[in-house]
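I opened this entry to keep track of what I looked up, in the order in which I looked.

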Amino acid sequence: MKKFTLLKIAAIILPFLSVTNIFSQQFEKTNINIEALSHGKVNWIDLNNDGKLDVFISGNEDSGISRTLIYLNQGNENFVLINHGIPDFSNAKISWEDYDKDNDIDLLISGVENDGKYYNSDLQK
Ligand SMILES: [Ca+2]
Ligand SMILES: [Ca+2]
C-alpha cells in the first residue's frame with residue numbers, strides 16, 4: 001500500500017520537474033548574421049552531409065519581396081549564404097526527405113512566389 005502511494009506521488013512530481021527544467025534553460029544571443037524574414041519558415045538541416053546543421057529560411061523581406069536563403073554552417077558560428085537555385089517563397093510549407101534513396105536530401109516546397117498569386121509545389125533534388 002505504501003509503495004503504491006510513493007509511485008503515485010512520483011508520477012505526479014516527475015513530469016512537473018521535467019517541465020520546470022525545460023523552462024529554466026538559459027539561452028544567449030549569438031553574433032550569427034542571418035537575414036530576418038516574415039511570413040517564413042526556418043529549418044535546421046545538414047544539407048551537405050558534413051555533420052554540421054545548416055539553415056534554410058524562406059519568407060518576405062521588409063519590402064514584401066519573397067526570399068529563399070540557405071546558410072551553410074562552416075563551424076565556429078560562421079554561416080555562409082550560398083546560391084542554390086531554389087525559387088523564392090513566402091508562407092512556405094517544406095518537407096525534407098531522401099525520397100529516391102540516393103543519400104542526398106530532397107526538398108518538397110509549396111508556397112507563394114513573388115507575384116503573390118502563384119502557388120507552386122516543387123521537388124528539388
Ligand atoms: Ca552541413
Ligand atoms: Ca535524394
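I started with glutamate 77, which is exposed, having 10 other C-beta atoms within 10 Å. The cut-offs I used: a residue is buried if 20 or more other C-beta atoms lie within 10 Å of its own, exposed if 12 or fewer, and partly exposed in between, with C-beta atoms placed from the backbone. Glutamate 77 is not a glycine, yet its phi is positive, at about 60°.

I noted the basis before going on. This is a predicted model, in which local features need pLDDT of at least 70 and side-chain atom pairs count only at pLDDT 80 or more, while totals for chains, interfaces and linings use all residues. Residues are numbered from 1 along each chain as its sequence is written, and chains are lettered from A and ligands numbered from 1 in the order in which they are written.

Next I looked up where glutamate 77 sits: it is in the loop between β3 and β4. Helices (H or I, at least four residues) and strands (E, at least two) are DSSP runs, numbered from the N terminus. The hairpin of β3 and β4 has two residues between the strands, and asparagine 76 there takes a positive phi near 50°.

β3 and β4 run antiparallel and are joined by five bridges; strands count as paired if DSSP finds at least two bridges between them. Isoleucine 70 stands opposite isoleucine 82 in β4. Of the five residues of β4, the number buried is zero, so β4 lies largely in the open.

Isoleucine 57 has leucine 69 in β3 as its bridge partner.

I put the strands together as an open sheet of four, ordered β1-β2-β3-β4, with antiparallel pairing. β1 (38–45) and β4 (78–82) are at the edges with a single partner strand each, so one side of each has no neighbour in the sheet. Neighbouring strands of this sheet are turned by 25° against each other on average, direction ignored; the axes are lines fitted to C-alpha atoms, and angles run from 0 to 180 degrees between N-to-C directions.

Lysine 101 is not a glycine but has a positive phi of about 55°, and is placed in the loop between β5 (90–97) and β6 (106–112). Lysine 101 counts as exposed, with 8 C-beta neighbours inside 10 Å.
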